[in-house]
Structure formats: C-alpha cells, structure tokens
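Student: Could you take me through one part of this model up close, and then show me what surrounds the ligand?

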Amino acid sequence: MKNANIGMIVLVLVQALWPCLSHAQAAQNKKIEEEALKQESIYQSRGGDVPEGYVIGRALPAYVNALPSEFGLDLANLGASGRWLDIGAGEGQAILDYYSPTSVIEKTGGENSKVQSVAISIEDRRTSRWHQTAARLDANQIRYLHGKSLREYTTQELGKFQIITDLLGGFSYTKDLSKFIEKTLSLLQVNGSFYSILQDVHSENGSNQPFYTGAPFLTEILNPDGSKMQICTWLKNISCVQVRCEFKEGWKPPVEIYRVQKVCDNVTVPPLKPVHFMAGTPPERRFQLSNSASAAPVHNVTTP
Ligand SMILES: C[S@@+](CC[C@H](N)C(=O)[O-])C[C@H]1O[C@@H](n2cnc3c(N)ncnc32)[C@H](O)[C@@H]1O
C-alpha cells in the first residue's frame with residue numbers, strides 16, 4: 001500500500017514536470033544547433049579568417065610524435081594491399097608525407113608498396129601538392145573525400161582499413177561521439193587499430209584538473225545520474241575492442257592518446273547523447289550516457 005502511494009506521487013510529479021523537462025531539452029538542442037552552425041563557419045574559413053587554433057597542415061612526423069607508439073610501426077608494416085584512413089585530414093599533409101621519397105616511415109614493402117590511403121575532411125583543403133602527388137601515384141592510391149562528415153559515408157563507399165587515424169579531427173570535433181566511434185570501428189578490419197587523441201580530458205587515473213581554471217574539461221562524459229565518467233572508461237566499455245590510453249601530462253594543454261584495436265566484429269558502443277557543445281578549435285563538448293546504456297551488460301576488456 002505504502003509503495004503504491006509512493007509510486008502514485010512519483011507519477012504525478014513526473015507528469016507535472018514533464019512540460020518543463022521537454023522545454024529544457026528543446027532549449028538545449030537549439031543551443032547545440034546554433035553552436036554547430038558557428039562550428040561550420042570555422043570549417044569553411046579561408047585565408048586570414050582561419051582561426052589561429054585551427055591547424056590543418058600537421059606533417060607525418062607530428063602524427064608519429066603525437067599518436068601511440070604502435071602507429072609508426074603499423075604504418076611501416078602495411079602490406080601491398082594495406083589501407084589507411086585519416087579522418088579529419090585537413091590538407092592531408094601526413095598522407096602526402098607518407099608517399100614522399102623522404103618519408104620518415106620506412107616501408108617494409110619497399111617503395112613499390114601499393115598501400116591505399118583515404119583522407120576525409122568536411123571542407124576541401126587540398127593543395128597543389130596533393131594534386132601533384134595524386135598524379136604521380138596509381139589511380140585512386142590516394143583519395144581525398146570532402147563535403148560531408150564521416151558518419152554520412154557508407155562502408156561501400158570507403159571500404160575497410162587496417163589503420164585509422166584521427167589527429168584532432170572528427171573525434172575531437174564531432175557533436176555525436178558514440179555514433180562517430182561506431183562508424184569508425186565499422187570501417188576497421190578485425191585486428192586493425194584506430195589511433196587518436198583528445199586534449200584536456202579527465203585522465204584514466206583521474207589525477208588531473210581541467211587545464212584552464214574555471215573551465216570544464218574540453219570533452220566530458222556524464223553517467224545517467226550526472227556523475228562523471230572518464231573517456232578511457234567509456235572506450236573500454238565498448239565490446240570487441242582492446243583499448244590503451246596514455247596521458248601526456250607535459251603537453252599544454254595535456255592530452256590523452258588512444259589505441260583502440262578491434263578484436264572481433266560484434267562491436268557495441270555505449271550510446272551517448274550530446275548535452276553541451278560550444279564551437280571552438282576544438283569545441284567544448286559534454287555527453288551523457290543514456291539510461292539504457294547503464295542497464296546494458298558491460299563488456300570488460302583487458303588492456304594489452
Ligand atoms: C583542426 S583540422 C585537423 C587536420 C589534421 N588532422 C592536422 O592535424 O593537421 C580538423 C579536421 O577535422 C575535420 N572534421 C571535423 N569533424 C569531422 C567529421 N565529423 N568527419 C570528418 N572530418 C571532420 C575537419 O573538416 C578538418 O579537416
């Protein structure tokens with residue numbers, strides 16, 4: 001009887017608060033869409049309008065230096081039928097450097113390696129160097145795709161890859177983190193690896209504070225009850241992957257780098273909904289694990 005009364009009170013309260021909750025939700029979504037428009041103008045900026053923090057031309061040595069140490073070795077060992085996808089490639093300099101005769105990567109397959117690479121960017125940042133390199137290589141050995149975000153490509157359009165990189169590209173910029181990683185992992189072959197990085201996040205061991213006093217971490221995840229969850233913990237709750245996270249404290253701002261190796265096909269990503277997005281280079285983002293995710297079985301994964 002007592003429980004029935006409590007249940008009735010909760011029902012009445014939920015019904016009374018529902019219009020306020022849905023109003024708050026609509027306002028939140030509207031704000032996110034407004035900020036997404038500002039973000040789009042950063043993508044489309046040209047010449048002197050490109051914000052200082054929007055770096056589009058990192059070279060291959062910068063990728064090797066920033067990403068987990070296995071990346072350089074994996075790239076060197078790609079066989080003749082190997083494929084590399086760089087998400088959020090900007091000008092695609094890292095890919096161009098890989099095919100340069102003076103590349104920092106010594107390909108075990110020799111210079112005749114037929115490795116294929118695909119660069120994806122929302123906006124077209126190709127330079128004359130891109131066109132010259134593409135003309136020198138076999139048809140379609142390097143491809144530059146633009147005009148839409150990663151999520152909008154099908155696997156048929158892109159194919160599958162042994163290596164996927166994202167150096168301050170879509171993983172740092174998307175407003176839908178779980179859908180982004182779901183798509184990325186669907187494009188990885190089993191045993192392939194995704195290499196990425198995030199700036200200014202709560203590290204795996206939880207010992208750091210946000211880099212800028214008074215500001216939140218740049219990317220945050222909340223549990224359904226509002227408590228915080230580390231990015232690394234969320235990644236480790238994805239099934240069929242092995243995840244290694246490494247915090248680089250000395251960087252300003254500090255970064256956490258990730259190697260996500262796909263070990264089987266049955267990948268399930270705990271779904272997140274965006275609750276905050278503020279345009280920037282990269283944007284400030286907060287996501288919340290949906291209720292259903294907490295009820296779903298957690299797949300424990302051991303770190304290699
Ligand atoms: C700051 S630039 C980084 C470029 C390059 N990785 C570098 O380090 O020089 C960000 C890049 O990510 C791309 N980007 C952002 N969100 C994306 C998404 N959801 N899908 C594909 N590309 C995205 C942008 O279009 C741009 O090419």
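Tutor: In helix H8, the buried residues are Leu177, Ser178, Phe180, Ile181, Lys183, Thr184 and Leu185. Buried here means under 20% relative accessible area, with exposed over 50% and partly exposed in between (1.4 Å probe, protein chains only). H8 covers residues 177-186, and since 7 of its 10 residues are buried, the helix is largely enclosed by the rest of the structure. Helices are DSSP runs of H or I with at least four residues, strands are runs of E with at least two, and both are numbered from the N terminus.

Bear in mind that this is a predicted model: local features need pLDDT of at least 70, side-chain atom pairs count only at pLDDT 80 or more, and totals for chains, interfaces and linings use all residues. Residues are numbered from 1 along each chain as its sequence is written, and side-chain values use heavy atoms, leaving out hydrogens and water.

Now the ligand. It has 21 residues around it, the closest being Arg58, Gly88, Ser121, Ile122 and Glu123; a residue is counted if one of its heavy atoms lies within 4 Å. Among the polar contacts (pairs of N or O atoms within 3.5 Å), a ligand oxygen is 2.5 Å from a side-chain N or O atom of Glu123. A ligand nitrogen sits 2.7 Å from a polar backbone atom of Gly88, and a backbone N or O atom of Gly90 is 3.1 Å from a ligand oxygen. Strand S2 (116-121) and helix H7 (170-173) are the elements that give two or more residues to the shell.

Conventions:
Polar contact = N/O pair within 3.5 Å; in protein donor to acceptor, adjacent residues only side chain to side chain.
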